[in-house]
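Reader: Hey, can you walk me through this one? I'd like to go through it bit by bit.

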Amino acid sequence: MALELLAGSGGSSLLRIYDIIAKKRDGLTLTPEEIRHVVQGAVRGEVQDSQLGALLMAIRIRGMDSEEALGLTREMMTSGYVFQWPDKWGRTVVDKHSTGGVGDKVSLPLAPALAACGCKVPMISGRGLGHTGGTLDKLESIPGFSSQQSPEKMLHILRSVGCCIVGQSADLVPADKILYEMRDVTATVDSLPLITASVISKKAAENLSSLVLDVKFGEAAICQTLEEARQLANSLVSVGVSLGIPTAALLTHMDFPIGRRVGNLLEVIESLECLEGAGPDDLRDLVTRTGGYLLLLCGQAVSEVQGTELIARALDDGSALKCFREMVEAQGVPPDIARTLTSASDLGSASHQELLYTESTGTIELIRARPIAEILNALGAGRIRATDTINHRVGAELLVRVGQHVNKGDAWIRIHYESPQLQDPQRQTLQKALCITSKLPFTPPSLIREIIPPKGNKD
């Protein structure tokens, strides 16, 4: 069997949602039975939206201790199907999760690179919402790609290819879908225990051997500061480890875009460059080091350095690209497209392209990611609501990099758009995203600023 239903047997009839809300409102600790009653009641439709919203707000304000967060995660995980993998796969079932950023296409080359190194990667990803992009939206810019795969089909793809990147099904952690949609409309998305339960419950339902989390901080991230990212990472790692999953977190900087391209189709092209052993250095560094740490955690490497070298070799020798092509073909891309897919493939382009030029001479100190992403979303690259339709061809190419010297009048960004068209106020916002100073040219540090290992202490 590829999966197993682990839903509970029902909550106690002696418990009342009203009393549980009042208890958390007053800052008291919820018992495992109370948490189970809420989660199972929400899945069965027995909890009113107003009650669920009130409880989420009470959690947002009062917080949860580590045992409550663990209990909530466990109940959400077992609210639906939990995968069971063949015994012979042992410790090789791995995954990663990013808290979201601009130009964050790491999953696209990482999953096949891990598969090429002997891992099984059942990556369950999401769509973009707000200013951050979604892995599924990027892959769906490849003609024919389908993110909706049954658990049985996922098992088949993992056996034959080693990796798949799919969307969350209705049977997988249904409690998360209910709670997340309610958090989205009740201003409780940023609650640390609720984020922890949402992220780890889905990964735990994958029945992973190892997990690495990319927790971003900065202007374009959910965590604005390194300390906020550290707190979230420690919560995620602690709950993951408590559920029996060796879990680590990378704290990565998210002020400027990752790589040179932002936007769904353009990020696929850049991912293919990475899979060809090329592409931007910062993207390659994130892919190889994230993958290297996963190989260390699951025992496929004796050190992070060796793991990083193995991922780099898979990118350079073509084995990761081969896995990527096989994966997208298994997920619906026609063979004639999948088997010849390269960064130079004709996957279409936007009908309009426009260059913007630097307004002064100096060194680029910062390229602010958030305003660029917000302009692209307004042009159709992203969503405000989950039901919005996106234009996969809208995006931007950065023609310069942070730390580089430029002269006034140099082209620094190319915007790809269709309808609506780029407007003057948007051009002005984009120009303000480029920060030029008089300092000497420099090499930016690695985006990875800190590693939280499985025990939760700093590396």
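Reader: Which residue is the bridge partner of I367 in strand 14?

Author: L434 is the bridge partner of I367 there. Keep in mind that this is a predicted model, where local features need pLDDT of at least 70, side-chain atom pairs count only at pLDDT 80 or more, and totals for chains, interfaces and linings use all residues. Residues are numbered from 1 along each chain as its sequence is written, and side-chain values use heavy atoms, with hydrogens and water left out.

Reader: And how do strand 10 and strand 14 pair?

Author: Strand 10 (residues 362-367) pairs with strand 14 in the antiparallel sense, over four bridges. Strands here are DSSP runs of E with at least two residues, helices are runs of H or I with at least four, and both are numbered from the N terminus. Two strands pair if DSSP finds at least two bridges between them.

Reader: What's the strand order in that sheet?

Author: It's an open sheet of three strands, 12-10-14, with antiparallel pairing. Strand 12 (405-406) and strand 14 (434-437) each have a single partner strand, so one side of each is left without a neighbour in the sheet.

Reader: Switching to strand 7: is it buried or exposed?

Author: Seven of the seven residues of strand 7 (residues 247-253) are buried, so the strand is largely enclosed by the rest of the structure. Buried means under 20% relative accessible area, exposed over 50%, and partly exposed in between, with a 1.4 Å probe and protein chains only.

Reader: Which residues sit on which side?

Author: T247, A249, L251 and H253 are on one side, and A248, L250 and T252 are on the other. In a regular strand the side chains alternate between the two faces of the sheet.

Reader: What does strand 7 run parallel to?

Author: Strand 6 (residues 210-217), joined to strand 7 by seven bridges. In that pairing, D214 stands opposite L250.

Reader: OK, P454. What is it in contact with?

Author: Leaving aside neighbours within four places in sequence, P454 is in contact with V237, V241, T247, A248, Y293 and L297. Contact means heavy atoms within 4.5 Å. P454 lies in the segment after strand 15 (448-452), and P454 counts as partly exposed because its relative accessibility is 27%.

Reader: How far apart are the C-alpha atoms of P454 and L297?

Author: 8.8 Å, although the two are 157 residues apart along the chain.

Reader: Now helix 3. Which of its residues are buried?

Author: L52, G53, L55, L56, A58 and I59. These pack against helix 1 (17-25), helix 2 (32-43), helix 8 (174-184) and helix 9 (192-205).

Reader: What comes just after helix 3?

Author: G63, which takes a positive phi of about 80°.

Reader: How many cavities are there?

Author: Four of 30 Å³ or more. On a 1 Å grid over the protein atoms alone, a cavity is a set of points where a 1.4 Å probe fits but cannot get out, and lining residues have an atom within 4 Å of a point. Grid points are joined across faces, edges and corners, and a volume is the space filled by probe spheres set on the points.

Reader: What's the volume of the second largest cavity, and what gives the largest share of its lining?

Author: Its volume is about 100 Å³. Helix 3 gives the largest share of the lining, four residues. Among the lining residues are L52, L55, L56 and I59, along with L30 and M64.

How values were computed:
On a 1 Å grid over the protein atoms alone, a cavity is a set of points where a 1.4 Å probe fits but cannot get out, and a pocket is an open set with protein on both sides within 12 Å along at least five of seven lines; lining residues have an atom within 4 Å of a point.
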